[in-house]
Structure formats: structure tokens, C-alpha cells
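Please read them with the structure open.

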Amino acid sequence: KLLGVEHPSTAASYNNLAILYYHTKDFERSYAHMKKAVHIREKVLPENHPHLISSRDALKTIESMLKR
């Protein structure tokens, strides 16, 4: 609550949780958290920011695991 729901650090936390869930093969939770990270990062970072690009790439990877 201190930083807010659209703070870059909040996005980083969602991103890190998504990675954790990915490595435990909980792809549904991973996807939900990465989607939140991407949503926040799209609002607060420029299109060419490496964190946004990385999160979008990770989201695509997680989506591909869900389609298996």
C-alpha cells in the first residue's frame, strides 16, 4: 500500500512472483501475476524499457506453457 498499485516496484514484485510460480510449474498463477506486471509496466514505463520488454516476452512464454 505504501508504494501504490501502479508503482514500478509493485510491478517488479508481481514479476518475481510470476517467475517463482513458473519454476514451480504453477502456470496459471504465473500467468496471472505476469499479466499484472505487464499491465502496470505498460502504464509507467516507456515502450522500449527493458523491464517491459522482458515481462512481455515472459508472458508469451507462460502462455505457450498453458497451451500445452
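1. Basis. The model is predicted: local features need pLDDT of at least 70, side-chain atom pairs count only at pLDDT 80 or more, and totals for chains, interfaces and linings use all residues. Residues are numbered from 1 along each chain as its sequence is written, and side-chain values use heavy atoms, with hydrogens and water left out.

2. α1 against α2. Helices here are DSSP runs (H or I, at least four residues), numbered from the N terminus. The axes of α1 and α2 cross at roughly 155 degrees and come within 8 Å; axes are lines fitted to C-alpha atoms over the stretch in contact, with angles from 0 to 180 degrees between N-to-C directions. α1 and α2 are therefore roughly antiparallel, a label for angles over 145 degrees. Their crossing is left-handed, that is, the near helix is turned anticlockwise from the far one by less than a right angle.

3. Residues between α1 and α2. Contact means heavy atoms within 4.5 Å. On the α1 side the residues include P8, Y14, L17, A18 and Y22, and on the α2 side they include F27, H33, M34, A37 and V44. By class, this contact has 14 nonpolar, 4 polar and 3 charged residues. Nonpolar covers Ala, Val, Leu, Ile, Met, Phe, Trp, Tyr, Cys and Pro, charged covers Asp, Glu, Lys and Arg, and polar covers the others, Gly among them.

4. α2 against α3. For α2 and α3 the axes come within 9 Å and cross at roughly 155 degrees. These two helices are therefore also roughly antiparallel to each other, and the crossing of α2 and α3 is left-handed. Among the residues that meet are F27, Y31, M34 and V38 in α2 and L52, S55, L59 and I62 in α3. The contact of α2 with α3 has 10 nonpolar, 3 polar and 6 charged residues.

5. Core. Which residues make up the largest nonpolar core? There are 6 residues in all: A18, M34, A37, V38, L59 and I62. Both α2 (27-44) and α3 (50-66) supply at least two residues of this core, and the largest share, 3 residues, comes from α2. A nonpolar core is a set of buried Ala, Val, Leu, Ile, Met, Phe, Trp, Tyr and Cys residues joined through side-chain atoms within 4.5 Å.

6. M34 is found in helix α2 and is buried at 1% relative accessible area; buried means under 20%, exposed over 50%, and partly exposed in between (1.4 Å probe, protein chains only). Leaving aside neighbours within four places in sequence, M34 is in contact with N15, A18, I19, S55, A58, L59 and I62. I62, with the same exclusion of neighbours within four places, is in contact with Y22, F27, S30, Y31 and M34.

7. H33. This residue is found in helix α2. H33 is buried, with a relative accessible area of 16%. Beyond its neighbours within four places in sequence, H33 is in contact with Y14, L17, A18 and Y21.

8. K25. The loop between α1 (8-23) and α2 holds K25. Phi of K25 is near 65 degrees, a positive value in a residue other than glycine. K25 counts as exposed, at 63% relative accessibility.

Definitions and conventions
Angles under 35 degrees count as roughly parallel, over 145 as roughly antiparallel, 65 to 115 as roughly perpendicular and the rest as oblique.
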